[in-house]
Amino acid sequence: MGEVTLGLVAWALQDWRLYLRALYAPGIIFIFYIWLIPESIRWLITNKKYGEAKKIVERISVINNISLSQELKKQLDYLVEDKAEKKSKNQRRPSLVEKHKGVCKEIITSKIMIIRTANCSFSWMTNAFVFYGLALSSVSVAGNKYINFILVSLAELPGYAITWIILDRFGRRLCLFFALAFSGVSCILFYFIPQEMIITRLVLFLIGKCSITVSFSVLYVFSSEIFPTSARHSLMGTCSMFGRIGSMMAPLAPLLSFYIEPALVFGTA
């Protein structure tokens, strides 16, 4: 819906200075999040700040008028007391550098992990390239460029709904394969449809965007499941980094229109 708002604001203002002011002005509200939004309980527990986590849980129970169970209270008290006991004993814990060294060694010495990381990184780069490339190239499709951009943005909604329906029924690999196949075929067919058939070309373009949305959604889940817990965050970050390379390449795709149809590039990617 953010992209739809983006298209509507651009259509209404049609001046880049006013456009930027309208989009970035609401960002001032986020300054007050420091005082309005509590810290993540999961983050506090991960960083051994059990006392602060306990206070936030108690505050949530008061605001929602829900009493905490005795079992939960005991668990919170145990965490706070256990931290104090360990602190008094001055027990040494592995440093963050030592932990990362162990994770890196685990990845480098495993052939399976190297292949999985390379495969997922390439998939992230390809998906990001096509996903953002189709969104940016939508303005070059015949017709009103603002309506085209809004429609391509709305095409993500059925994509997320389809992912929710098929992901557990057909499995990750099958969903990923067919989503990429549908997206690629739609983009390639778009290239061969005559310019005069505006509606047909637009429909194929929307199918391509919907399909790559399904693929990207499945890839998020699939990637997190095939990596071990100890290295999951690091490897997901690596995949995301390669995905950003794809998203940086996407704005350059429309420049290829002088030589080749960008949709054909997205289809073959």
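Leaving aside neighbours within four places in sequence, S215 is in contact with N127, L176, A179 and L180, where contact means heavy atoms within 4.5 Å. The model under discussion is predicted, with local features requiring pLDDT of at least 70, side-chain atom pairs counting only at pLDDT 80 or more, and totals for chains, interfaces and linings using all residues. Residues are numbered from 1 along each chain as its sequence is written, and side-chain values use heavy atoms, with hydrogens and water left out.

Where does S215 lie? S215 belongs to helix α12, residues 198-226; helices here are DSSP runs of H or I with at least four residues, strands are runs of E with at least two, and both are numbered from the N terminus. S215 counts as buried because its relative accessibility is 0%. Buried means under 20% relative accessible area, exposed means over 50%, and partly exposed is in between, with a 1.4 Å probe and protein chains only. The side chain of S215 also makes a polar contact with the side chain of N127, at 2.6 Å. A polar contact is a pair of N or O atoms within 3.5 Å; within protein, one must be able to donate a hydrogen and the other to accept it, and residues adjacent in sequence count only if both atoms are side-chain atoms.

I turn now to F190, which is placed in helix α11, residues 172-192. Is F190 buried or exposed? F190 counts as buried, because its relative accessibility is 2%. Leaving aside neighbours within four places in sequence, F190 is in contact with V141, R201, L204, F205, E261 and A263. From C-alpha to C-alpha, F190 and G208 are 9.2 Å apart in space, and they are 18 residues apart in sequence.

Next, a pair of helices. The axes of helix α1 (residues 2-13) and helix α2 (residues 16-24) come within 9 Å and cross at roughly 140 degrees. Axes are lines fitted to C-alpha atoms, for helices over the stretch in contact, and angles run from 0 to 180 degrees between N-to-C directions. Which residues meet in α1 and α2? From α1 there are L6, V9, A10 and L13, and from α2 there are L18, Y19, A22 and L23.

Finally, the UniProt record, in an unreviewed entry, lists residues 121-140 among its entries for "transmembrane region"; such annotations may be inferred rather than shown by experiment. In the model, residues 121-140 are 85% helix and 0% strand, with end C-alpha atoms 29 Å apart.
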